[in-house]
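Please look over the sequence and the structure before reading on.

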Amino acid sequence: MKPDESTAPAVELRGVRKGFGARTILAGIDLSIARGEVLVLVGPSGSGKSTLLKIVSGIETPDAGEVWLSGRSCTQIPAYRRPVHTVFQNYALFPHLDVAGNVAFPLAVAGISRARREELVAEALAWVQMRQHARRRVDLLSGGERQRVALARALVDRPECVLLDEPLSALDPQLRSATFDLLVDLQTRLGLTYLYVTHDRDEALRMGHRIGVLNRGRLEQLGTPQDLYHDPRTPFVASLLGKMNWLSAELTIDGNRREVAFGEHRLSVECRESQAAGPARIGIRPEDLRIAPAGRLRGRVAGRTFAGDTTTIRVATDDGACLLVDQRPASAASVGEAVWLDWAAADMHVFPAGQEDAP
Amino acid sequence: MISASSRWLALPAVLYLSVLFLGPTGVVLAYSFCERDIYGGVEPRFSWEAWRMATDRITLSILGRTVLLAAGVTAANLLLAYPSAAALARLPRRQRSLWVLAISFPMITSLLLRTYGWMNVLPLSWRGTLPAVGLVLTFNYLPFMLLPLLKAYERADRTLVLAALDLGATPWQAFWRVTFPVTLWGAASGAALVFIPVSGEYLIPHFIGDGKVNVAGTLVLEWFQHRHWPYAAACAVWLAAVVLAPIFAALWWNARDLAPAAAGPLSRR
C-alpha cells in the first residue's frame with residue numbers, strides 16, 4: 001500500500017446508515033479523517049461506534065451511504081481489498097503462528113517476497129519493541145505484548161488508516177498508559193492516521209486531534225477536544241467528556257439579552273440563538289465553581305474527597321442540589337460549614353430542559 | 001499432572017483392556033506364526049507359512065485397496081464436513097443441537113437395516129463396485145467426522161477469520177491460512193475416527209460389495225470362515241499395522257502442538 005500523495009481524506013463517510021432488524025445502529029453518519037489525523041469516536045456501549053469501525057474496515061456493509069478511502073469509493077470493495085487494518089479489542093492474534101508469523105501475515109497474503117517480508121517484519125517489531133520475541137508463540141505472551149504484536153501486524157504494510165477498537169480496554173492501568181504513549185509516539189513518528197474507538201473520556205481527550213461523540217447511532221458533535229469540552233452542544237456531550245454540575249433555571253430573552261435567574265440573582269448568559277425562553281438546564285464544570293466569601297448560591301459543605309492532585313468538595317445547596325467543586329487550591333471549608341458558591345457567567349453551559357445526559 | 005494415587009482410578013479400565021483387548025491381540029499375533037491344522041484351526045507349531053501367504057501379491061493388493069478406500073472415505077467426509085461444520089458453527093446454539101441430532105439420527109437405526117436400505121436405493125448396476133461401497137461408508141461415517149470438526153469450529157475464535165480478511169486475506173486464503181490450521185486438530189480426530197474403523201469394515205463391503213469387493217475386513221472374515229486361522233490372523237495383524245502406522249507417525253510428528261496451538265488461551269472464550 002503506497003501512500004497516496006493526493007490530498008483526499010484518508011477516510012470519508014457519507015450518510016452511512018446501518019440497522020439490524022428494527023433496531024437502528026447508525027442513523028446517517030458523515031465524517032472525514034484527514035491523512036495523519038487521529039479521530040476518536042467516543043460514546044457509551046451500544047452507541048454504534050464498533051459498527052462504524054466495522055463498516056470502515058469492510059467487515060460490515062452499510063444499508064445506505066458511502067465509504068471513501070483515500071479518494072477511492074470503497075463501499076462495494078470487500079474488506080480484504082481495503083487499505084485499512086483493524087487492531088481488534090481481543091487482539092485476534094493467530095494462535096498457530098509465532099510473533100513474526102503474525103506480523104508477516106498481511107505481507108504473506110499480499111504475496112510479498114520472503115526477503116522483503118523479513119525486512120518489514122523486523123522493522124515493525126522494532127517499532128513496538130518486540131524484536132527479541134520474534135519467534136515466541138503468541139499464547140505465551142502477556143496482554144501488553146499481545147497488544148504490541150497486534151499493532152505491529154496492523155502497521156507492517158503501512159495502511160492508509162489504522163482502526164483501533166478500544167485498544168487499551170483489556171490492559172491494566174500501568175500498561176495502559178505505556179501503550180497509550182506508544183500509540184501516540186508511533187502515530188507522530190510514522191505519520192499514521194488513526195480512527196480510534198473508545199468509551200473512556202480521558203483517552204478520548206488525550207488521544208484525539210478531533211473527537212466525534214456518538215449517541216444512539218448519531219454523531220452528536222464533532223470537533224477538537226477543547227471545543228467539545230468547553231463548548232458542548234448538548235448535555236450528553238457535556239457530561240460524557242467531563243463531570244458536570246446540573247442546575248435548573250428559567251431562561252428569559254429580552255431583545256438581545258438572555259438571562260437566567262437563580263433566586264434573586266439574574267445572570268446574563270451566552271447560549272445558542274436557537275434556544276427558546278423557558279425552563280433550562282445549566283451545566284457548570286466542577287473546576288469552574290469556587291467557594292467564595294460571597295456568591296450566587298448558598299450551601300453547606302457535605303463532604304471532602306482528597307485525591308492527591310485535587311480535592312473535591314461536595315456542597316449541598318439550600319434548594320437540595322448537590323454540587324461538586326474542584327477548586328485549586330482547595331478551599332479550607334470544613335464539613336458542615338455554610339459557604340457561598342460563585343462562578344463566572346461565561347462558564348455556564350445553557351441547554352433546553354429535558355435533554356438527556358450521558359449515562 | 002496425574003498424581004500417583006489418582007492413577008489407580010484407571011485400574012478398572014486398564015484391567016478390562018488388558019484382559020479383553022491386549023490378551024486377544026497377543027493371541028491373534030501368536031496364531032499368525034502357527035501352523036494350520038487339518039480342520040483349519042491352529043496347530044501350536046512355529047511356521048512362516050501364514051506370513052508368506054499374507055505377503056503375496058493378492059493379499060497386498062487387497063490391503064492396498066483397503067487403505068485407498070479408507071483414505072477416500074476420509075477425504076470425502078472431510079470435504080463434506082468442513083462446509084457443514086462452518087455453517088453449523090454459526091447457528092444459534094439451540095438450532096445447532098437440533099441439526100446435530102438430525103445428522104446423527106440415522107445412527108440410531110440398525111446398521112444392517114441401513115445397509116439393506118442402501119442396497120434398495122442404489123441402482124443395480126452399482127452393486128458390487130468399490131465406489132458404491134465408498135459412498136455408503138461415507139454416509140455412515142459422516143457424523144464421526146462432523147462432530148469433532150464442529151467442536152473445533154466452536155472453539156475457534158470467529159474474529160480470527162475477520163482479522164484475516166481485514167489484514168488482506170481473500171476468503172480462500174483466510175480458510176487455508178487461518179481456519180484450516182486452527183481447526184486441524186478437529187479434522188485430525190475426525191480423520192482417525194473415520195479412517196480406523198473404515199479400514200476394518202466388513203459388513204458394508206460384504207453387502208454392498210456383493211461379494212465382489214474384497215477389502216481387509218472381508219478377507220479376514222472369509223479366511224476365518226474358510227478355516228485358515230493362521231492366514232486370517234496374519235491378515236488381521238497386517239491390517240492393524242497398516243492402519244496404526246500413519247496414526248502413530250502423525251502423533252509422533254505433531255504430539256507437541258496439534259491441539260494446544262488451536263485451543264490456546266486466545267481462542268478460548
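## Terms and basis

A nonpolar core is a set of buried Ala, Val, Leu, Ile, Met, Phe, Trp, Tyr and Cys residues joined through C-beta atoms within 7 Å. A residue is buried if 20 or more other C-beta atoms lie within 10 Å of its own, exposed if 12 or fewer, and partly exposed in between, with C-beta atoms placed from the backbone.

This is a predicted model, in which local features need pLDDT of at least 70 and side-chain atom pairs count only at pLDDT 80 or more, while totals for chains, interfaces and linings use all residues. Residues are numbered from 1 along each chain as its sequence is written, and chains are lettered from A and ligands numbered from 1 in the order in which they are written.

## Nonpolar cores

The largest nonpolar core holds 139 residues, of which Val103(A), Ala152(A), Leu195(A), Leu149(B) and Cys235(B) touch the most other members. Its largest share, 13 residues, comes from helix 7 (residues 130-155) of chain B; helices (H or I, at least four residues) and strands (E, at least two) are DSSP runs, numbered from the N terminus. Another core, of 18 residues, lies apart from it and includes Ala280(A), Ile284(A), Ile291(A) and Phe351(A).

## Strands of chain A

Two strands pair if DSSP finds at least two bridges between them. An open sheet of five strands in chain A has the order 13-12-11-14-20, with antiparallel pairing. Strand 13 (265-268) and strand 20 (349-352) of chain A each have a single partner strand, so one side of each is left without a neighbour in the sheet. Within this sheet, strand 11 (residues 245-254) of chain A is joined to strand 12 (residues 257-262) of chain A by five bridges, and Ile253(A) stands opposite Arg258(A).

In strand 9 (residues 210-215) of chain A, five of the six residues are buried. Strand 9 of chain A pairs in the parallel sense with strand 3 (residues 38-42) of chain A over four bridges, with Val42(A) opposite Val213(A). Strand 9 of chain A also pairs in the antiparallel sense with strand 10 (residues 218-223) of chain A over five bridges. In the hairpin of these two strands, Arg216(A) takes a positive phi near 45 degrees.

## Where the chains touch

Counting two residues as in contact if their C-beta atoms, placed from the backbone, lie within 7 Å, 22 residues of chain B are in contact with 20 residues of chain A. Helix 8 of chain B gives the most to the side of chain B that touches chain A, with six residues.
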